Amino acid sequence: MRKFFQEIKADLKFKTAGPGQKLSEPSRTPRESPKAAAAAPRPRQGPTDEAQMAAAAALARMEGRPKAKPPSSQEAIRSQVRKELRAEAAAAERGLDAEEGDVVSPAEDGAAALSVSGVYFICPLTGEVVRRDRKEQHLREAIQAYFSVDPVAASIMEIHTFNKDRERVRVGLETMAKYLDNICLHPEEEKYRKIKLQNKVFQERISCLEGIHRFFQAVGFETKSLPIPGQESTEEYYVLREEVLARLEDLRRSKEQLLSSEPVRARLDRQLCVFKPSPAAARFELPPDFYNLTAEELRREQRLRTEAVEKASMLRTKAMREKEEQREMRKYNYTLLRIRFPDGYLLQGTFYAREPVSALYTFVREALRDDWLPFELLGPGGLKLTDENLAFNECGLVPSALLTLAWDTAVMADIRAAGEEQPRSPLKPELLARVQTLS
């Protein structure tokens, strides 16, 4: 029976195939169907005003939506990785050009305008605002200049700031404190006022610290070559000058200052900005500073991305994906956050990626005309940021994010019921005076 139906289908297909053709004949041009020939193309009408307005509104809504996920095929992922690496390499080259003073502006090379020009810090000693790549050099210059004011304090700053191994610093300073304690407790004994520079403990724990020799000189030690008993050769010593014994209290204070001081840290400049309402509020163009990609890190990123291409074809559990996302978030050092107020105005600031959400609440509150007004912040997707102890990278708010501010409805209702006149904007007048247009 099945064979019978197959024969009927084959016969029908043969009859509807049209006239046959010999193999020796030239190929025929297929005839155009009368229905297709009769259908003449109609001129396309332009969209109506209503359609144009609807399209504009749809585009504005799409700007706020998250970007589509990248294609999952292995070749597409490789292509995306190559594009990103080329973009990162170009960004690194632009950073190098900036150091050499040959900066290509975004307008010249056709790139979009940056949301911020970079990451900046405020020096606690000079008050100057410096770019991230000049931060350490500026601190060195500032501390060096402070030697003319207070050499003891300047040398202590140098020790705590430029020795990154905190455990080594702790061990070295504790050993140093013992030397000074022995002098203060036994000022009459000459042996305590001498420190042999080639001593093994001194070499391993103290001499290796940057700034320590300048501290010795600042508190009253001088270098002397003293003879070795029973030999003709000499050895180098730090010897406390005699006049310092008359002011041992100063030596004690210097020791306490040495032990209690902290590293000098430049403060991150928030680069506070206020923008007028804009449909481009969710659009960010960040400089390379936010990605913190040095030449070494670029190589590391390339290796990690190569591994990501290989892993993309593997099946992963939800826990594995979340772990990968958290690792991705941890590579950012900074984040640029915008807070949209109910009137559409935008408040922007730069933060460390590992700062807690409470820092953002403080930042917003300090910008308000009435800082007592209760509010809450909503992240992308309307998620409330209720746990202020979480870091920004734990909340997924890196390397940039647009948040929404919502007032406490009960409090605002009470204010309206009281008939109190509300200001045009909740932000401070001095911030509104320098409002900008978001490009």
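**Loops, helix packing and a pocket in a predicted model**

Trainee: Where is the place of Pro 399?

Mentor: This is a predicted model. Strand E10 covers 375-378 and strand E11 covers 400-407. Pro 399 sits in the loop between E10 and E11.

Trainee: Is the peptide bond from Val 398 to Pro 399 cis or trans?

Mentor: Most peptide bonds are trans. The bond from Val 398 to Pro 399 has omega near -5°. The form of this bond is cis.

Trainee: How do helix H6 and H7 pack, roughly parallel or roughly antiparallel?

Mentor: H6 spans residues 135-146, and its axis lies 8 Å from that of H7. The two pack at an angle of about 160°. Angles over 145 degrees count as roughly antiparallel, so H6 is to H7 roughly antiparallel.

Trainee: Which residues in H6 meet H7?

Mentor: The H7 side of the contact consists of Pro 151, Ala 153, Ala 154, Met 157, Glu 158, Thr 161 and Phe 162. Taken together, the contact residues of H6 and H7 divide into eight nonpolar, one polar and three charged. On the H6 side they are Glu 136, Leu 139, Arg 140, Ile 143 and Tyr 146.

Trainee: Is the crossing of H7 and H10 left-handed or right-handed?

Mentor: Helix H7 (residues 151-162) and helix H10 (residues 212-219) pack at an angle of about 160°, their axes 8 Å apart. That angle is why H7 is roughly antiparallel to H10. The crossing of H7 and H10 is left-handed.

Trainee: Which residues in H10 meet H7?

Mentor: H7 contributes Pro 151, Val 152, Ser 155, Ile 156, Glu 158 and Ile 159. The contact of H7 with H10 has eight nonpolar residues, one polar and two charged. From H10 come Ile 212, Arg 214, Phe 215, Ala 218 and Val 219.

Trainee: What is the volume of the second largest pocket, and how many nonpolar residues are in its lining?

Mentor: The second largest pocket has a volume of about 230 Å³. Of its 16 lining residues, those closest to the centre are Trp 407, Met 412, Gln 422, Pro 423 and Pro 426. The lining of this pocket holds two polar and five charged residues, and the nonpolar ones number nine.

Note on methods. Residues are numbered from 1 along each chain as its sequence is written. This is a predicted model: local features need pLDDT of at least 70, side-chain atom pairs count only at pLDDT 80 or more; totals for chains, interfaces and linings use all residues. Side-chain values use heavy atoms; hydrogens and water are left out. On a 1 Å grid over the protein atoms alone, a cavity is a set of points where a 1.4 Å probe fits but cannot get out, and a pocket is an open set with protein on both sides within 12 Å along at least five of seven lines; lining residues have an atom within 4 Å of a point. Grid points are joined across faces, edges and corners, and a volume is the space filled by probe spheres set on the points. Ala, Val, Leu, Ile, Met, Phe, Trp, Tyr, Cys and Pro count as nonpolar, Asp, Glu, Lys and Arg as charged, and the others, Gly among them, as polar. Axes are lines fitted to C-alpha atoms, for helices over the stretch in contact, and angles run from 0 to 180 degrees between N-to-C directions. Helices (H or I, at least four residues) and strands (E, at least two) are DSSP runs, numbered from the N terminus. Angles under 35 degrees count as roughly parallel, over 145 as roughly antiparallel, 65 to 115 as roughly perpendicular and the rest as oblique. A crossing is left-handed if the near helix is turned anticlockwise from the far one by less than a right angle, and right-handed if clockwise. Contact means heavy atoms within 4.5 Å.
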